[in-house]
Amino acid sequence: RRRVPLWLWLAAIALLAGGGWAYWSMSSKNAAVTYTTEPVTRAAMTVVVTATGTVQPTNQVEISSELSGTQASVEVDFNDTVTMGQVLARLDTTKLTAQMTNAQAALSAATANVAQAEATLSEAEENYATAQQLDQRGVSTHSSYITAKAVNARAKAALAAAMADVSLAGANLEVQRADLSKAEIRSPINGVVLDRDADAGNIVASSLSAPVLFVLAEDLTKMELQVDVDEADIGRVQVSNPATFTVEAYPGRVFDATITSLRYAPETTDGVVTYKAVLSVDNADLALRPGMTATASIIVSHVEDALQVPNAALRYVPPQTATTTTTSSGSGLLGLIMPKRPAEAAGDTAAGHHLYVLRDGVPSAVEVETGDSDSKHTVILSGDVAEGDAVITAQSGTD
């Protein structure tokens, strides 16, 4: 009988030793795997969208001067409460008063001219009537009649011109009177003086761009919060959504607000697109001041009794092993060379998401349908999970 070469025996022994060592290594690794789990809970979930912005008055008015001139006096100061029509400042009226006096004199002269034209017309009408009668009798020449008729027509025209001059003088007087009234800068609303850029003796030049002298807020007990909502969140935010916000001035206080409008115009800053949301705020105690920076939490969804799991459980995927990565049709060397795609249970599928529930120490994949999610948990709408189940969020060791 032919003897087996020694090197073949040595190769067989080495192969068996390597296989035994690999089996022992895999067994020890499997024994060393530990899973981190968290229980499935049932509780209320509130989903919020965070946005930042500033507190502003509901109606803010900037007041300028229509006239140029020297500021004679300033009647109000910062934080003063003003009423509609109250004088805020006055301009020097020396020139305006002189111009108004001139306009009044021009109106008086035009009125006197009307009276003179009326007297002239009356005389011309009498002369014209007399000349007409004499011409009919043949006592006077016809040329005298024509002259009287022309004088009468010119007298009527002179009266019309004098009356037009009266209208023009009256209009000029109204212009001067209006300018004189504008020398008193008055408040158009009931409100509070937020800002003042007016001092007695300063010169106001309104020829090119009228300077803002006063900034008034109509009612500080009713404020609005304007926040910038990220484009990724704007689809979930709706008018009438409740919200809360905080300001740095009162670290421990939370203010309530409600969305009253969502603006369609985008605002782009450093490549980030946001949309403006306006929230109404009750400021009865006047704690909030215009311009305060606020951080708002807009409530977009609330589920009172929700089955929920940690978000980490939906992100957990077990490592792929040789068993789950080899093809079912191949084995041995061919199976190792041509692995198939990772198993569907390794992540999300078209039907939803997968969770791994630890049952009797073994991970079990469960397909679930998810709902709303906050920064930590996600609502489970359907699936083979129940309150108290241990879902895997991580593992240590190698499976």
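In this predicted model, the side chains of Lys276 and Asp228 form a polar contact at 2.8 Å. Lys276 belongs to strand E14, which spans residues 272–282. The lysine counts as buried, because its relative accessibility is 12% and the cut-off for burial is under 20%.

**Around Lys276**

**Helices H2 and H3**
- Helix H2 covers residues 94–137, and helix H3 covers residues 142–182.
- Their axes come within 7 Å and cross at roughly 165°.
- H2 is therefore roughly antiparallel to H3, since angles over 145 degrees fall in that class.
- The crossing of H2 past H3 is left-handed.
- The residues of the H2 contact with H3 comprise 24 nonpolar, 14 polar and eight charged.

**Whole protein**
- The secondary structure consists of six helices and 19 strands.
- The protein has 399 residues, and 30% of them count as buried.
- Lys276 is one of the buried residues.
- Among contacts with a separation of 6 or more, 74% join residues 24 or more positions apart.

Methods
Residues numbered from 1 in each chain as written. Predicted model: local features only at pLDDT ≥ 70, side-chain atom pairs only at ≥ 80, totals over all residues. Heavy atoms only, no water. Axes fitted to C-alpha atoms, helices over the stretch in contact; angles between N-to-C directions. Helix = DSSP H or I, 4+ residues; strand = E, 2+ residues; numbered from the N terminus. Parallel < 35°, antiparallel > 145°, perpendicular 65-115°, else oblique. Left-handed = near helix turned anticlockwise from the far one by under 90°. Nonpolar A, V, L, I, M, F, W, Y, C, P; charged D, E, K, R; others polar. Buried < 20%, exposed > 50% of the residue type's maximum accessible area, 1.4 Å probe, protein only. Polar contact = N/O pair within 3.5 Å; in protein donor to acceptor, adjacent residues only side chain to side chain. Contact = heavy atoms within 4.5 Å.
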